[in-house]
Amino acid sequence: MTEALKLTELSKSFPVGGGFLAASRGTVKAVHPISLTVQQGETLGIVGESGCGKSTLARMLVGLLEPTTGTIEIDGAALDNADPAVFGKRIQYVFQDPISSLNPRKTIRQIMEAPLKRLYGMDRSQRDLRISEIFASVNLREEFLERYPHEFSGGQAQRIGIARALAANARILILDEPVSALDVSVQAQVLNLLADLKKEFSLTYLFISHDLAVVEAVSDRIAVLYFGSVVELGPAEEIFRAPRHPYTKLLADSAPVVGRPLTAPESKETELPDPLNPPPGCAFAARCPRASDRCRKEVPRLEGDRVQAACFHPLDGD
Amino acid sequence: MMAFLKLLARNRLALAGGIVLSFVVLLALITPLLPLAEPNVTNTAARFQKLFTEGALLGTDHLGRDLLSRLMWGTRLSLAVGFAAAVVAATLGAAIGIVAGFYGGRTDNLIMRGVDMLMAFPYILLALAIVAALGPGLFNALIAVAAVNVPFFARNIRGITVGIAHKEFVDAARLAGLSNTRIILTEILPNVIPVIVIAMSTTIGWMILETAGLSFLGLGSQPPQADLGSMLGEARSALITNPHTSVVPGIMILIIVMSINLLGDGVRDALDPRLKSGALSRPMASTMVRRKDPVPQAEGKGLLEVQELQTQFHVKDRVYRAVGGVSLHVKPGECLGVIGESGSGKSVTALSVMGLVASPPGVITGGAVRYDGEDLIGAPYRKLREMRGRNVAYIFQDPLATLHPLYKVGDQLIEAIRAHRPISKSEGQARAIELLKAVRIPNAEKRITDYPHEMSGGMRQRVGIAMALANDPDIIIADEPTTALDVTVQAQILSLLDDLRRSRGLAIVFITHDFGVVGQLCDRVAVMYAGRIVEEGPTQSVLETPTHPYTARLMACVPELGEGKRRLEAIPGLPPVVDKLPAGCAFADRCDRVQADCRQGEIDLEREGARAVRCIHPVTPLKEAAE
């Protein structure tokens, strides 16, 4: 297997405050340095709660945000400047809200043609041919091309979003909560379509979601994000069954499961640490039942073989 | 476009304005073709002729010039200048606004502070200063009026652009390789044009007045050229002796500006997306009721009893049967789950209970909602208002949208209590703290002075629950209260609700799309599809042996944690639109067990013990499942 995507010490900080003349009052680290590799043909799931930095990470990966530090390598070639037009041919994005990711005043054909025209400079007949190919693979009828986005249901609109991402002929797709705006019956349709497309075009996926069960069902490996850092990384079938990081365990215990009695898995205040004033040690220490003095002083590193966890006192796993 | 014109025509005043304005514009356009006297030829012998004199229908002015002719030519000029100024101001203002809003940051700051400075001058002074610098003349007056109005457009358009520039489709366009210029032209501009049109239509009348004002002061059109402002200015000295010379242009200005403003308001309303649904007025205080069939008799099944409820939306000539005969009941201390996909009618059912469905277009057309045996549908608004919050309280999905952003959460809680009983401020304060403690908000004493935006999503939803508890209701209707929350927070909110109903004997109707949540919290569950209940029963029993094919397949769609990577079951197709429901079973088109008789006629909700199903070919026979 070859590496499709390699991140080295990738991080992003945003300046806080500061206006027209005032200097900024400091920075917030939205993503702490992350190093990850994604193999060709793999689906890497990324889970985390709101504010954990998963969307910032995703936007850096497609060149919509410039990383503060670190590099992104795609198929062995480094992409160092944030230019979506360069990234666009190699890595594409499927958005969370299918309707708002389509311009309401353009027809589907205009939307589909944009990447073909701008990224590949195709002429009309080439474009038509390519669009029919893609529409056939995502099971959309070509008569849809002359319609406007508001005429479609969420599931259809998301297929169009996927078709647009495929049109750029990128080998890697970032799927940012692609099904969380959809109803369950439609969600399964879209997930299965994604699985078929992956096989057909030998794609590599980064699947971002807050829904643990969905991520587990589609991923080969899963990375758990907390407060801008990867706290656990491992094979999908093990990570929630036998979590090693206490935060992963908290997530797994919180997911509603039929037949499990209803108990709050955590009695404490569950607010994230203040990003302007991050704790010196492990970000999870304040919520962690296993936290020791060391956890509050030192930041743990991601360690392990099959399952990696950033924790000084990991759970046993099995 | 046709729909837009239809909407516009529905507004009578706008229609009248439009007709008058088109007539004036038409006259102005054909002025050169009309057999009018030369407007600038003086004839001092025939000065100040009265109205309706021969050869001068509207009389003559102080130089004996024909007033009708001057009025027509003057109107033509005033309209042209006003319109040109509006176009110039809109174009420049929109360009500035789009650039500022799109690039943001320093560019935005620099541009908008410049615009602010322009706005800091009183507009007439600014216009005077510009004309003073450029010299008098109609063209310079046009420049002055346009310049004065640029900030209005710039600010307006900038605000809209900021919203659009952060939409996902703009990111998508970037990834499709579009340059910034192209994004502005093809993605942003088409979306702000309606706003520009609205802003123009409401300001063009104002600009005609401003141009007339400058001409009146002698800074606009120069003699002998006539425009409406200069005609007024010249007639000023003869105001008492020969009033008609001022009244004639004055009336024309009035007609033009009134008709433009009426039409402009109409255009604004017709382009406003909220009004496209056909609701041209504000919703009524409670849902409209139009019941034809007799009201069902009370059955005394629970504290809240919904019987054969039908709620429809009447939009133009379409009827959407959002709720098509739903019966539910819930007892004190019981939690009933209502599960369904979007468009299944679950939220409309919930809102119908207290008459909260927006009317128009919502109408309750049948059934009954009984609280303790008493029918609430059609109850007077006073009665409903008395009961809302006190007997039946709601928790909604998005606490950020339901809490007022400008009031402290404590004050909002106190207001909720005071809506039902008069208590002093300090009593209210104590009660608010008590409520926040009841929903386990740490540091409640400090938190009551927080604004909603200072709290996290989970904390806000706790405030939402505290507000629902404020008047000790017996029933809480929770509409997807945890959908917007993270899993760890959701778990806490669910266990809080569970505790509350056990300790206070609350009856909860919990609306959700999540089987996991239903499985953990609810005693009984009702599954809705296309506005009707298709299956009902004790939660455990339904989840273990679903009988309706929809329930069974919907459950199979939901991945469960701990099963690893796999292919999911999917239900092909989409739910039917509720304005075109098929005969027979609404699920038939998506069902793999469908047979010919499924599509023939009504299918009843069949009951057996605690279980009920609306299917003639169930997955498991109802009898078996009920055991």
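One bit of bookkeeping before I start: when I say contact, I mean heavy atoms within 4.5 Å. With that in mind, take the contacts in chain B between residues at least 6 apart in sequence: 68% of them join residues at least 24 apart.

Now the provenance. This is a predicted model, where local features need pLDDT of at least 70 and side-chain atom pairs count only at pLDDT 80 or more, while totals for chains, interfaces and linings use all residues. Residues are numbered from 1 along each chain as its sequence is written, chains are lettered from A and ligands numbered from 1 in the order in which they are written, and side-chain values use heavy atoms, with hydrogens and water left out.

Let's stay with chain B. We get 22 helices and 13 strands there; these are DSSP runs, H or I of at least four residues for helices and E of at least two for strands, numbered from the N terminus. The C-alpha box along the principal axes is roughly 110 × 60 × 60 Å. Chain B has a radius of gyration of 33 Å, whereas a compact globule of 627 residues would be near 25 Å. That radius is taken over C-alpha atoms, and the globule rule is 2.2 Å times the number of residues to the power 0.38.

As for burial, 52% of the 627 residues in chain B are buried. Buried means under 20% relative accessible area, exposed means over 50%, and partly exposed is in between, with a 1.4 Å probe and protein chains only.

Over to chain A, which has ten helices and eleven strands. Its radius of gyration is 21 Å, close to the 20 Å from the globule rule for 318 residues, so chain A is as compact as a globular protein of that length. The C-alpha trace spans about 65 × 55 × 40 Å along the principal axes, and buried residues make up 55% of the chain. For contacts in chain A with a separation of 6 or more, 66% come from residues 24 or more positions apart.

Next, the insides. A nonpolar core here is a set of buried Ala, Val, Leu, Ile, Met, Phe, Trp, Tyr and Cys residues joined through side-chain atoms within 4.5 Å. So which residues have the most contacts inside the largest core? They are Met112(A), Phe135(A), Ile162(A), Ile465(B) and Phe510(B), in a core of 125 residues. Helix H6 of chain A, residues 184–201, gives the largest share of this core, eight residues. There's also a second, separate core of 59 residues, and Ala85(B), Ala90(B), Val195(B) and Leu228(B) are among its members.

Leu228(B) takes us to helix H9 of chain B. Is that helix enclosed or open? Six of the eight residues of H9(B), 228–235, are buried, so this helix is largely enclosed by the rest of the structure. Those buried residues include Leu228(B), Met231(B) and Ala235(B), and they pack against helix H3 (67–103), helix H8 (180–216) and H10 of chain B. Over in H10(B), residues 244–271, you find Ile251(B), which is partly exposed at 45% relative accessible area.

The peptide bond from Pro223(B) to Pro224(B) is cis, with omega near 5°.

Phe510(B) touches, among others beyond four places in sequence, Cys335(B), Val338(B), Leu497(B) and Val517(B). Thr512(B) is in strand E9 of chain B, residues 507–512, and is buried at 4% relative accessibility. Contacts of Thr512(B) beyond four places include Val338(B), Lys346(B), Glu480(B) and Val517(B).

In chain A, Arg130(A) is in helix H4, residues 124–137. Buried or exposed, this arginine? Arg130(A) counts as buried, at 16% relative accessibility. Its contacts beyond four places are Leu116(A), Met122(A), Leu166(A), Ala167(A) and Asn169(A).
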